[in-house]
Amino acid sequence: MNLKKAKEDAIHFIFLILGLIAVGSVLVITVYLVISGLPAIREIGLTEFLFGQRWASTAAQPEYGILPFILTSIYGTAGAIIIGVPIGFFAAVYLAKMAPKKVCAFMQLCIGVLAGIPSVVYGLVGMLILVPGIMRIFDVPDGASLLAAIVVLAVMILPSVINVSLTSLQSVPMEYEEASLALGATSTETYFKVTVPAAKSGIFTAIVLGIGRAIGEAMAVMMVAGNVANMPSLFQSVRFLTTAVASEMSYSSGLQRQALFSIALVLFFFIMLINATLLVIKKRSQSV
Amino acid sequence: MKRLLTIALIALLAMTSVFAGGSSESTQNVATDGSTSMESVIGSLAEAFMEEHPEINVTYNPTGSGSGITAVSEGRCDIGLASRALKDEEKAGGLTETILALDGIAIIVNNANPVSDLSIDQIAKIYTGEITNWSEVGGNDGQIVLIGREAGSGTRDGFESITGTEDMCQYRQELTSTGDVITTVSTNPNAIGYASLSAVSDKVKTLLVDGVAPSEETVLSGEYLVQRPFVMATRSTEALSEAAQMFFDYALSSEAAPIIAGAGAVPLN
């Protein structure tokens, strides 16, 4: 009897350890980022760092202002959401309610493939097709720009927006729709006035996940955005928070390297903010 | 249960500290310190050398040419690495310069660009934004698009120091690899970029600089101007340790030449 209990306890303990690996990783990363990110901020000065408009890390007189990166990340993500979310949302409504079974299966397969494409491939296609395309269509000297990054990010967030919205639309009880239809509403009216509001929290979750994906993407953006530390503007070459860290890390040293960790810390703070928003949405949808 | 949790957490933290540490005692050390541009050359040399001499450990600390020279003159490393010739006062301060290899940087444009020859002065003016249209240097009408490398890159550092454009380049794009620079220049008819000589392919057009085409021969003869030496700096008054001398000799041997060439530089021997 005692042996059995000991065995049970041992198994519980092993599973606990396995579970704690994730917790431990988060803890280690957080602690490490804070420890390695703070010294540079202290040396440069918080306002100088966050609101400085010039980044020249290897100049004879180095300057470490990351406002251009912060604004670029915010504008880029917002742009991707403005383009990507409507497309993803309507696609999800179509797939959940209107599409014939075969079409639905085929489209879902495509979305699955889209989700699985590595970001470097997005970047490569963007670099070879989108960037020259923008150059020609808008008649600008070079196509590597905020716009190119927004388009790439908009496509990249589509799968998560579609899949999460789709799941929440499908989990709306049939009775809601039946009641609406029985009262004489057309099916389109029913979908947009009954089903969608009922799936509201899931759709918000989809948007927030899209924001998270867009703000954290580095590789694809690095290949199409041009990476010059300009203040953001649609046809200018820009640098995101993620690409600022990724592009200079390999050769950096001293204060420059520390400042890159500080940028990562700022990015981490943004991601935390997004996760907190997600938690709030989930809590609210549970209490309703 | 709570106690279990704390124990598990402590165990986890202990595990991470084990991974953080972990150095091994080696018999002989050769410390090199300096230019980040020489990373691939020194890296592949050290790798091949250590394969032959497993008892010797060659370390490389990428700090930049200036820091490497300071480090060697202060005795903090065996060999200082600089991707520029030593200044007279540095030589007077007791350092000896040994050129390991030469690094040529090709200036590339799109294949559709009719321009085929620029002077160093024109290149500098283009990169600082003084010349902004290809028609000013004999090309078609079109705004010049400047493609460069990221801050800290050895190629960028080399290009800017040779053309005297440090911290003044008005880049349109800063890319993180030679391949990206070549791809971008090949897709934009108005682009100009720079890349290590060994990496250039026929996807782009390589410009003559002051009428000289870049090649191993013209870099060696000094006719091609966009080049710089990779230098090993040692203390003149003090002999190298036995292990460091072995590595030094190995790096200059004919055996090492193909390794240096493979890493993208032009070997002297």
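In which loop of chain A is Asn227(A) found? Asn227(A) is in the loop between helix 10 and helix 11 of chain A. Helices here are DSSP runs of H or I with at least four residues, strands are runs of E with at least two, and both are numbered from the N terminus.

This is a predicted model, in which local features need pLDDT of at least 70 and side-chain atom pairs count only at pLDDT 80 or more, while totals for chains, interfaces and linings use all residues. Residues are numbered from 1 along each chain as its sequence is written, and chains are lettered from A and ligands numbered from 1 in the order in which they are written.

**Chains**

Chain A has 12 helices and two strands. Read from the N terminus, the order of elements in chain A is α-α-β-β-α-α-α-α-α-α-α-α-α-α. Chain B has 10 helices and 12 strands. The table lists values for each chain; a residue is buried if 20 or more other C-beta atoms lie within 10 Å of its own, exposed if 12 or fewer, and partly exposed in between, with C-beta atoms placed from the backbone.

| Chain | Residues and buried share | C-alpha extent along the principal axes |
|---|---|---|
| Chain A | 288 residues, 39% buried | about 75 × 75 × 30 Å |
| Chain B | 269 residues, 44% buried | roughly 70 × 60 × 35 Å |

Two residues are in contact if their C-beta atoms, placed from the backbone, lie within 7 Å. Among contacts in chain A with a separation of 6 or more, 71% are between residues 24 or more positions apart. For chain B the corresponding share is 72%.

**Interface between chains A and B**

The interface brings 30 residues of chain A into contact with 27 residues of chain B. On the chain A side, helix 1 (2-44), helix 5 (119-137), helix 10 (219-224) and helix 11 (241-249) each supply at least two residues. Helix 1 of chain A gives the most to this side, with six residues. By class, the chain A side has 19 nonpolar, nine polar and two charged residues. Here Ala, Val, Leu, Ile, Met, Phe, Trp, Tyr, Cys and Pro count as nonpolar, Asp, Glu, Lys and Arg as charged, and the others, Gly among them, as polar.

**Domains of chain B**

Chain B is divided into domain 1 (29-102 + 229-267) and domain 2 (110-227), with bounds that come from an automatic or database domain assignment. The C-alpha centres of the two domains of chain B lie 28 Å apart. Nine residues of domain 1 of chain B are in contact with 12 residues of domain 2 of chain B. The domain 1 side of this contact has two nonpolar, five polar and two charged residues.

**Nonpolar core**

A nonpolar core is a set of buried Ala, Val, Leu, Ile, Met, Phe, Trp, Tyr and Cys residues joined through C-beta atoms within 7 Å. The largest such core has 139 residues, and those with the most contacts inside it are Ala148(A), Val152(A), Val224(A) and Ile108(B). Helix 6 of chain A gives the most to this core, with 18 residues. Leaving out residues up to four places away in sequence, Val224(A) touches residues including Gly123(A), Met127(A), Ala148(A) and Val152(A).

**Positive phi**

Most residues other than glycine have a negative phi. Asn227(A), which is not a glycine, has a positive phi of about 65°, and counts as buried because 29 C-beta neighbours lie inside 10 Å. Asp139(A), also not a glycine, has a positive phi of about 55°. Asp139(A) is in the loop between helix 5 and helix 6 (146-170) of chain A, and is exposed, with 7 other C-beta atoms within 10 Å.
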